[in-house]
Amino acid sequence: MSDAASTPDGASTPVLTTRLARRPGPADPVKTLMHSHRELCERAVDPLEIAAGLEAHGVTDRAAARFRHRDVFSLAEELYARVPRAADGGGDTAAATAPHPARATDPRAGWALRTLLPGAVCATAVVALRYADGAAGGVRLAIALAGVVALAIALTVALRRGPLRVEGNTARVSRLWVCWLLAYVLYGDGLTHATAGDGPHGTDPLAHAAAPLVALAFAVAPAAWCAHLLAVQARRRLAHSRALAEFASRTRPVLLGLLALYAVVLAALAVLAELVLGGDRDAGTGHPAATVALGCLLLLARLLTVHSFPKAAATGLATACAVEAAALLLATVGRVPGFEAVSAPVRALVEAWGAGAVPALACGAAALGLLIHAAVALSRASAHT
């Protein structure tokens with residue numbers, strides 16, 4: 001079996017690319033590469049897509065020099081010029097020249113308005129629960145369940161189209177970890193404070209979780225705009241860069257700047273929600289730092305999933321969940337006589353900074369790890385095709 005046949009689309013692997021460049025043969029080394037990547041070149045809309053595809057298959061600027069080109073972008077331009085498009089050979093010209101599906105069927109105003117739905121639904125549910133304080137437990141439970149279902153539907157509608165859309169079921173594993181993280185917002189701080197703090201601080205999780213949940217729900221809108229701006233700016237820098245290293249150096253500051261902007265906006269939303277809805281600050285729960293850490297973690301995980309790195313996103317989310325679960329386990333075991341020392345680290349953290357320090361530390365550390373990975377992965381040209 002040939003090397004080229006080992007890949008599903010007939011494209012060469014990095015090893016094969018190096019062999020083709022070094023193999024003595026035709027005076028035109030690009031011709032051999034052109035045949036190896038013909039399907040990629042025929043489907044490409046512009047040379048930038050070919051450059052990104054070559055990079056994804058391991059062709060670096062150094063490898064491009066072996067093909068008598070100064071960088072991958074120059075090599076991609078020659079391949080684009082020499083390989084006829086599929087539409088040129090009698091294919092579906094309309095399909096080849098049609099705009100991107102997300103742009104054609106989902107204008108910016110459409111997804112921008114839909115990203116406001118989760119915040120509106122969550123705020124409505126919280127207000128309804130506040131008004132039902134004196135009602136029977138069954139009434140409040142029905143309102144809470146209706147709010148959860150409505151919020152799930154609103155999130156599905158908001159994420160189905162637009163810059164946060166994920167193709168297929170690549171985010172199915174991540175959804176499980178996201179559910180854990182949101183459940184911890186509701187019950188985790190209370191359980192941690194009850195086991196590692198001074199005892200129970202209340203039976204109603206809404207007392208301290210309303211503000212973080214509302215802030216996170218409204219933060220879907222700025223998260224979508226950050227994803228949109230990252231895609232636009234990356235495409236623009238891809239068009240003006242002449243080397244992969246140059247593109248990476250131009251894209252990383254954009255990613256870091258957008259994440260910092262999102263963190264500032266989310267912090268403002270968290271503080272505003274806490275001022276309007278109140279929070280159980282005596283118990284040290286519902287701190288804005290935990291909300292910002294969780295929001296940044298969710299945004300980075302979604303960006304990595306959107307740009308075809310779902311495993312890294314799921315790993316980051318699972319890490320945060322594992323730290324939170326370990327903190328709850330240690331705090332619970334520490335209440336058993338003779339095992340008090342087991343919960344000493346968690347108890348010290350809660351006594352110093354409150355129960356909200358546990359999710360802030362867990363989500364913050366996981367978000368930092370995802371940021372390091374995203375700074376490398378999302379600065380590749382192949383991540384933005």
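Reply: T251 is found in helix α15. This is a predicted model, in which local features need pLDDT of at least 70 and side-chain atom pairs count only at pLDDT 80 or more, while totals for chains, interfaces and linings use all residues. Residues are numbered from 1 along each chain as its sequence is written, and side-chain values use heavy atoms, with hydrogens and water left out.

T251 counts as buried because its relative accessibility is 2% (buried means under 20% relative accessible area, with a 1.4 Å probe and protein chains only). Apart from neighbours within four places in sequence, T251 is in contact with R237, L378, S379 and H384 (contact means heavy atoms within 4.5 Å).

Helix α15 covers residues 244-277 and packs with helix α16, residues 288-306, at an angle of about 140 degrees, the axes being 9 Å apart (helices are DSSP runs of H or I, at least four residues, numbered from the N terminus; axes are lines fitted to C-alpha atoms over the stretch in contact, and angles run from 0 to 180 degrees between N-to-C directions). The two helices, α15 and α16, are therefore oblique to each other (angles under 35 degrees count as roughly parallel, over 145 as roughly antiparallel, 65 to 115 as roughly perpendicular, and the rest as oblique). On the α15 side, the contact is made by L255, L259, Y262, A263, L266, A267, A270, V271 and E274; α16 contributes P288, T291, V292, G295, C296, L299, L300 and L303.

Definitions and conventions. Buried means under 20% relative accessible area, exposed over 50%, partly exposed in between (1.4 Å probe, protein chains only).
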